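Q: Could we go through this structure together? I would like to begin with a strand pairing and then move on to other topics.

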Amino acid sequence: MKRYGNFTAVDDLSISIKAGEVYGLLGPNGAGKTTTTRVLMGFIEADAGSVELFGQSVTRSQAALREQVGYLPGELRVDPSPTGKKLIDFHAGFRPNLDRTYQAELIERLQLDPSKKVRSYSKGNRQKLGLILALQHQPKLLILDEPTSGLDPLMQREFYRLVSEQASQGVAVLFSSHMLNEVESVCQRVGVMRNGQLVFEKTVTELMAERLRRIDVQFKGEPPSDATLETCPGVRRIEHRGARREILYDGPPNPILALLNQFPLVDLIFERPDLEDIFMTFYDEEDDASPDATQPAKPEVSA
């Protein structure tokens, strides 16, 4: 548990991450993900519960544990005056056994120009720099907060490869994000946070097996009424976008396609739901949860 005055940022959170596992911590901005990662790093202290890395208390063994952790914060703040190479080497100086060959490989794979000063880096290049700082000492645990922010699609793909390689070598990875599609690319298990609490935890296979879809449809002429669209079982929500309708749909595609095919269409797009869609449908069900499901548990985060 972590409170700021009367505001509870993280409460009743219990997760564990195994060696070689990539765990996706999902949630919208303000859900408590960043607070969780900062507590794990020992930057802030939990008000209740226990936090352990590699079986050791974070509060008792911070310095020793950080040697084994690679961390990328949501907002990287570093000295902007040196070149990227000087900053990378400065951090490497705290790791006497660092593999310089691997360091050079990371710089090449992420296509960072280390000769430029940090202040000249774009958002994407600063993110590459942060990833190199987190990965270059080959830690046993990676804690990554919104790691692909600012990266172009090609660099995102390279980052996913790097994470998969780390996991295959037994590294545990905590991957905090608000984007479901990138978590699907690399994670084996997902925990979803809302208002500082872990509201559900599933494997990615289980999560993507959900039949929930968003359908973006543009009609030629006057769209049918909501009542007409709602005659199809599985229609959960309809939003108006001018001549377009966004339909949140839970079920096999044939029934809704048969209904829509009765009307002249300009465009039709099926896509995965975003987190907001999953949250809204999940929380509708959670509102009717049994009292036993609301009993507090001892907060514990371990990796």
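Q: How do E5 and E6 run, and how many bridges join them?
A: In this predicted model, strand E5 and strand E6 (residues 56–57) run antiparallel and are joined by two bridges. Within this pairing, Glu52 stands opposite Ser57 in E6.

Q: What lies between the strands of that hairpin?
A: Two residues lie between E5 and E6, and Phe54 takes a positive phi near 55° in this hairpin.

Q: Changing topic: how many helices and strands does the protein have?
A: There are 11 helices and 16 strands. The protein has 303 residues, and 46% of them are buried. Its accessible surface comes to about 15,400 Å², with 48% of that belonging to carbon and sulfur atoms.

Q: What share of the contacts joins residues at least 24 apart?
A: Taking contacts between residues at least 6 apart in sequence, 71% join residues at least 24 apart.

Q: Which residues illustrate that, say around Gly24?
A: Gly24 is found in strand E4 (residues 22–26). Beyond four places in sequence, Gly24 touches Phe175, Val183, Cys187, Arg189, Val190 and Gly191. The C-alpha atoms of Gly24 and Glu182 are 9.4 Å apart, although 158 residues separate the two in sequence.

Q: Why does Gly24 count as buried?
A: Gly24 counts as buried because its relative accessibility is 0%, and the cut-off for buried is under 20%.

Q: And Leu174, where is it found?
A: Leu174 is in strand E9 (residues 172–177). Leu174 also counts as buried, because its relative accessibility is 0%.

Q: What is Leu174 in contact with?
A: Leaving aside neighbours within four places in sequence, the contacts of Leu174 are Ile17, Tyr23, Leu25, Thr37, Leu40, Leu142, Ile143 and Leu144. For Leu144, which is 30 residues away along the chain, the C-alpha atoms are separated by 6.1 Å.

Q: Now the charges. How many salt bridges does the structure hold?
A: The structure holds 18 salt bridges. One of these joins the side chains of Arg100 and Asp89, at 2.9 Å from N to O. That pair links distant parts of the chain, with Arg100 in helix H4 (residues 100–109) and Asp89 in helix H3 (residues 84–92), 11 residues apart.

Q: Which salt bridge does Arg214 form?
A: The side chains of Arg214 and Glu271 meet in a salt bridge, 2.5 Å from N to O. Arg214 lies in strand E12 (residues 212–219) and Glu271 in strand E15, so the pair ties together parts that are 57 residues apart in sequence. Arg214 counts as buried at 12% relative accessibility, whereas Glu271 is partly exposed at 33%.

Q: And Asp216: which residue is its partner?
A: Asp216 forms a salt bridge with Arg244, and their closest N and O atoms are 2.9 Å apart. This pair also links distant parts of the chain: Arg244 is in strand E14 (residues 244–250) and Asp216 in strand E12, 28 residues apart. Both Arg244 and Asp216 are buried.

Q: Which residues are linked in a network?
A: A network of salt bridges links Glu105, Arg109, Glu158, Arg161 and Glu165.

Q: On to the surface: which residues form a nonpolar patch?
A: Leu257, Leu265, Leu268 and Phe270 form one, with about 280 Å² of accessible area together. Strand E15 (residues 265–271) gives the largest share, three residues. Phe270 has its place in E15 and is partly exposed, with a relative accessible area of 34%.

Q: Finally, where does pLDDT stay under 50?
A: It stays under 50 over residues 288–303, for which the model has 31 contacts beyond four places in sequence. Where pLDDT is low, the predicted coordinates should not be read in detail. For the protein, the mean pLDDT is 87, and 88% of the residues reach 70 or more.

Definitions and conventions:
Residues numbered from 1 in each chain as written. Predicted model: local features only at pLDDT ≥ 70, side-chain atom pairs only at ≥ 80, totals over all residues. Heavy atoms only, no water. Patch = residues over 30% accessible without salt bridge, like charges linked within 9 Å, V, L, I, M, F, W, Y side chains within 5 Å. Areas by Shrake-Rupley, 256 points an atom, 1.4 Å probe, with all protein chains shown as cover. Salt bridge = Lys/Arg side-chain N within 4 Å of Asp/Glu carboxyl O. Helix = DSSP H or I, 4+ residues; strand = E, 2+ residues; numbered from the N terminus. Buried < 20%, exposed > 50% of the residue type's maximum accessible area, 1.4 Å probe, protein only. pLDDT = per-residue confidence, 0-100. Contact = heavy atoms within 4.5 Å. Pairing = 2+ DSSP bridges.
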